[in-house]
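Please look over the sequence and the model before reading on. The briefing below treats one topic at a time.

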Amino acid sequence: MDNLLLRNRFTEQFALRLPLMQGPMGGISGPNLVAAVAQAGALAVLPIWSMSVAAAIEKIAETKALTSKAFAVNIRADLVQHEHIHAAVDQGISIIHLFWGNPAASSQAIPNGIKMIATVWDEASAKAALDAGACALIAQGVEAGGHVLGTTRLQELIPAVCSIAGDVPVAAAGGLATAEDIKQVFALGARAAVFGTRFVATTESSAHRDYKAAIVNALEDTTVRTECFDGAWPNAPHRVLRNSTFTTWEKAGSPAPPNRPGEGDVILHTANGQSIPRYFISPPAQGMTGEIEAAVMYAGTGIGKIQDNPAVATLIEEIRVDLLAG
Ligand SMILES: Cc1cc2nc3c(=O)[nH]c(=O)nc-3n(C[C@H](O)[C@H](O)[C@H](O)COP(=O)(O)O)c2cc1C
């Protein structure tokens, strides 16, 4: 009998060596990480939604120079980024990943033959993604690091989404970091797992070393789902590590902007001298300087399970071997 863990509708559809997807992570999953994941046989996703079209084309080209394997690009559904989609398809991208909102309007720009996958967080969003033509769904639970619309735990979300997905395979995202976690979501009906935070702490991620260390050093779940870090993207809940900016704001009674502690302080500088204020959405990346600890550090509830900072190929091969053992 085939081992479903290594071969199923999800792995077949995207020609993968294992049922694993790297969650797109703005500012963190750049060309090096995406290419390494694709090379290792998992589904890799390059976020391009926060960039200009010209910058997106450059990042896609940079990634393609590092791998000949297919990878997806990540687009924000609510922004209806048709130009980004057209540019990505022109660059040879064959998988478009839509998140945050109903994918119907964005999917209009996706030509026949290009695969669309969508992040969903409840039954209504799953139905909308299926109606828009998604060939796989990512069920994102409340456990997930980064921006997260859902309030439902994977334990309930996966069966609910699978029950309406029919033949369309479902990948589970949120708090997952080990081969054991993959087996657990399979038992609930998922056919792949998405790792986000796990890939932040890898050699190829663009995260600042202090951000990687904060994940590796956390012995248990110290994350919180909040709307604290709203600079450039208000009213969008996100799961983060509790850091000094968060705890100071919480102690002050969680006031609304513009009356938050340290509002407007510049806490980081990028390598090319750009200033990043407190409460801004950009996580600390390589080359940034300043108060790294005070910047937003997105992380899922699985951080306690992440205790090293391996090369992507090593991490993925270890997981594959574990899955192969059944
Ligand atoms: C640093 C970080 C940035 C993220 N940025 C994005 C993004 O730009 N687009 C997106 O669809 N999801 C984003 N996410 C969510 C991930 O793709 C994925 O759903 C999530 O990380 C899974 O939960 P986990 O972190 O517990 O593994 C981000 C997550 C993290 C940790």
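## Phe-186 and its surroundings

Phe-186 has 19 C-beta neighbours inside 10 Å and therefore counts as partly exposed, since a residue is called buried only if 20 or more lie within that distance. The model discussed here is a predicted one. The protein is divided into domain 1 (9-205 + 307-324) and domain 2 (209-303).

- Phe-186 is found in helix H8, which covers residues 179-187.
- Leaving aside residues up to four places away in sequence, Phe-186 touches Leu-4 and Leu-5.
- Phe-186 and Ala-15 are separated by 171 residues in sequence, and their C-alpha atoms are 19 Å apart in space.

**The two domains**

- Between the C-alpha centres of domain 1 and domain 2 there are 24 Å.
- Domain 1 gives 20 residues to the contact, and domain 2 gives 18 residues.
- On the side of domain 1 that touches domain 2, the elements giving two or more residues are E7 and H9.
- By class, that side of domain 1 holds eight nonpolar, ten polar and two charged residues.

**The shell around the ligand**

- The ligand is surrounded by 30 residues, of which the closest are Gly-23, Gly-145, Gly-146, Gly-196 and Gly-300.
- Domain 1 and domain 2 each contribute at least three residues to this shell.
- At least two residues of the shell come from each of strand E7 (146-147), strand E9 (192-195) and helix H9 (197-200).
- H9 provides the largest share, three residues.
- Sorted by class, the shell has 14 nonpolar, 14 polar and two charged residues.

**Helix H10: which residues are buried, and which are exposed?**

- In helix H10 (residues 209-217), the buried residues are Tyr-211, Lys-212, Ala-214 and Ile-215.
- Viewed down the axis of H10, these buried residues fall within an arc of 155°, so they line one face of the helix.
- The face of H10 turned away from the buried side carries the exposed residues Arg-209 and Asn-217.
- H9 and strand E11 (238-241) are among the elements that cover the buried residues of H10.

- Strand E3 (residues 72-76) is mostly covered, with five of its five residues buried.
- In a regular strand, side chains alternate between the two faces of the sheet.
- Both faces of E3 are covered: Ala-72, Asn-74 and Arg-76 are buried on one side, and Val-73 and Ile-75 are buried on the other.
- Strand E2 (residues 45-47) runs parallel to E3 and is joined to E3 by three bridges.
- Within this pair, Leu-46 stands opposite Val-73 in E3.

- E7 and E11 run antiparallel and are joined by two bridges.
- His-147 stands opposite His-238 in E11.

Conventions: Residues numbered from 1 in each chain as written. Predicted model: local features only at pLDDT ≥ 70, side-chain atom pairs only at ≥ 80, totals over all residues. Near = placed C-beta within 6 Å. Helix = DSSP H or I, 4+ residues; strand = E, 2+ residues; numbered from the N terminus. Nonpolar A, V, L, I, M, F, W, Y, C, P; charged D, E, K, R; others polar. Domains from an automatic or database assignment. Buried ≥ 20, exposed ≤ 12 C-beta atoms within 10 Å, placed from the backbone. Arc of directions from axis to C-beta. Contact = placed C-beta atoms within 7 Å. Pairing = 2+ DSSP bridges.
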